Amino acid sequence: MTSSVGSFSPIDAAHVKVGGEIGRRIDMTIHANLLKLDVENDFLKAFRDKKDWPSGYVGIGKLIDACVTFGHYSNNPEVIALKDRLVRELIATQLDDGYIGLKPAGHRVAELWDLHEMVYIIFALVNDYRYFHNQESLEAARKLADYVIQHRKGSDPPQGTGKLNTERAMIALSQATGDGRYRDYAVDGMDLRRWNAPVSGHAYTFMNVCLAQLDLFRERPDESLLSQSRRVIDYLTKNDGLAITGTCSLNEAFHDNQETRGNLGESCATAYLIRLAHNLLQLEGKSLNGDIMERAIYNALFAAQEPTGRRLRYFTCVDGPRVYFDRDSYCCPGNWRRIVAELPEMIYYRSADGGLLVNLYTASSADVQLTEELSLRLRQETDYPNSGRVSITLDPSQAAEFPLKLRVPRWATSAVVAVNGQEIGAAAKPGDFAVIRRTWKSGDVVTLDMPMDVRVVKGRKLQSGKVAVMRGPLVFCLAAPQGVPTRTVDNVANPAEMQRAAEEGKERQWTLDAASITGPVPNQAVRPDGLALQARVWAGESDRAKPADIAVLLTEYPDPAGETTFFRAANADKAVDDELAISPSKE
């Protein structure tokens, strides 16, 4: 749903078609994950039985919401049929008093997860009504919301985990029905307008309440409603709260010490950070939010899915072994599917000045109604993130003047913009939008060329003295054992020694020769047309006066075997600051 408030509004996903790596992930999630779920036993059964479900939470609302959004984008009949089945059979479990849930009588509402389950069901049913005009969904959502209001007072602090999405669900229902009772419950009962707290605690919860305040801002602009969201971005970019991979949680909570091991990068937190940046981009028009989205999507988000698409992760650490989650239900798999379903709306945006913004770079096309008189069809051709060469062909319904804006990432320090082959001066400033205002005609072609040099990026705090390796938006890692090729002694391969070193964990004691990095070279560990970098390292006991003696392959961070992202390094005199770690003096 678009808004007239703010700098940008997203293009309806039904009018966008996505290819490239983002499109591949969307399609793979639909076919290899969503349509492979056992919805009867893993989702619906608990609501029919209404017994104490072992996990205490299923997340059927998140699943329905993902189906709604995927269905709206793809118009895939299998997805829509799955959505219809889930909605129909879930509504059939609704009790006369309005309750939809999995708890037996006497254990309802008061339990945290029961409320969490119900409010996401409300939110999903409202979206089914919005996108598919399902009146039964709206009525079921109203009955369930009335049940919640009757049995649960809204007096707890809005950032409390038990309130996850209550505010947004009730605001959405109020907008869909025109009934102010639901908004009053969310806003007045939870004192949402006056919520003002330091960034701390459960990251996903905190950002979700920020989004509820942004929902209110759209209805009635008030600068105070932006302060919490701005505080989150400042915490992440100015106070070391953002991991190199674009995620932001440790044990589900905000942290600022740059820890890279353990329960890092909860998929829920990654999803909500992308969603928060997406909304702030619309309201404030700052390219930094697009840069955060890009970093998170190509690294933290995609690393939470195995390359074949079927399994997902609850956490995805930066350093150390990673594991897949043991089920398809619960919160993180549901929120992961939801955010992937929303990606088509994060590529193109209308701008308030009558133009168009290109935010994410991936092969894609869009049909946009810029004004009542002017429609625009555009096609983006690129192999991004393999290279930074982007070509955009515009086909307006008539010759017309409007601004085209291209987000130039902060890493793209030598980007060049051209129109029909003619270079445009100093338009491509890193960390800003390249704005091209002209009278556009059918067949005009804009190119954005962003050379992708390898960057050796300085670690901070716990990673101080170490480096990470990036190229364009991608972070690279060392995978074990796939990413640890054979060590050579006098140019003779010695696999046994390499295996022994891997078993003893010696690769974590290696020192990267930053000057040795070359590439990229083709690599399919993550995606069919993926890349890797070649480098050399010294083992812990090796003489640094001699050439680095171990050849390694650095693969893209979503490599499921990835275990090392930060390295001790030699010859790192050209290491640079992370462009998303912003000191106040560099703003």
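**Close-up 1. Lys461 in the loop between β13 and β14.** Lys461 is found in the loop that runs between β13 (454-458) and β14 (466-471), where helices (H or I, at least four residues) and strands (E, at least two) are DSSP runs numbered from the N terminus. The model is predicted, so local features need pLDDT of at least 70 and side-chain atom pairs count only at pLDDT 80 or more, whereas totals for chains, interfaces and linings use all residues. Residues are numbered from 1 along each chain as its sequence is written, and side-chain values use heavy atoms, with hydrogens and water left out. Although Lys461 is a residue other than glycine, its phi is positive, near 50°. With a relative accessible area of 44%, Lys461 is partly exposed; buried means under 20% relative accessible area, exposed over 50%, and partly exposed in between (1.4 Å probe, protein chains only).

**Close-up 2. Asn75 in the loop between α3 and α4.** Asn75, found in the loop between α3 and α4 (77-91), also has a positive phi, of about 55°, although it is not a glycine. Asn75 is exposed, with a relative accessible area of 57%.

Close-up 3. The peptide bond from Tyr384 to Pro385 is cis, with omega near 10°, and Pro385 lies in the loop between β6 (375-382) and β7 (389-396). Another cis peptide bond joins Gly519 and Pro520, with omega about 15°, and Pro520 lies in strand β18 (residues 511-522).

**Close-up 4. Helix α13 and what covers it.** The 12 residues of helix α13 (residues 331-342) should span 16 Å at 1.5 Å a residue, and its end C-alpha atoms are 17 Å apart, which agrees; the expected span is 1.5 Å times one less than the number of residues. In α13, 12 of its 12 residues are buried, among them Trp336, Arg337 and Glu342. What covers these buried residues includes α1 (20-33), α5 (112-132) and α12 (287-303), contact being heavy atoms within 4.5 Å.

**Close-up 5. An open sheet of 5 strands.** The strands stand in the order β1-β3-β4-β8-β11 with mixed pairing, and two strands pair if DSSP finds at least two bridges between them. The edge strands, β1 (8-10) and β11 (432-440), each pair on one side only. Strand β8 (residues 400-408) runs antiparallel to β11 and is joined to it by 9 bridges; Phe402 has Arg438 in β11 as its bridge partner.
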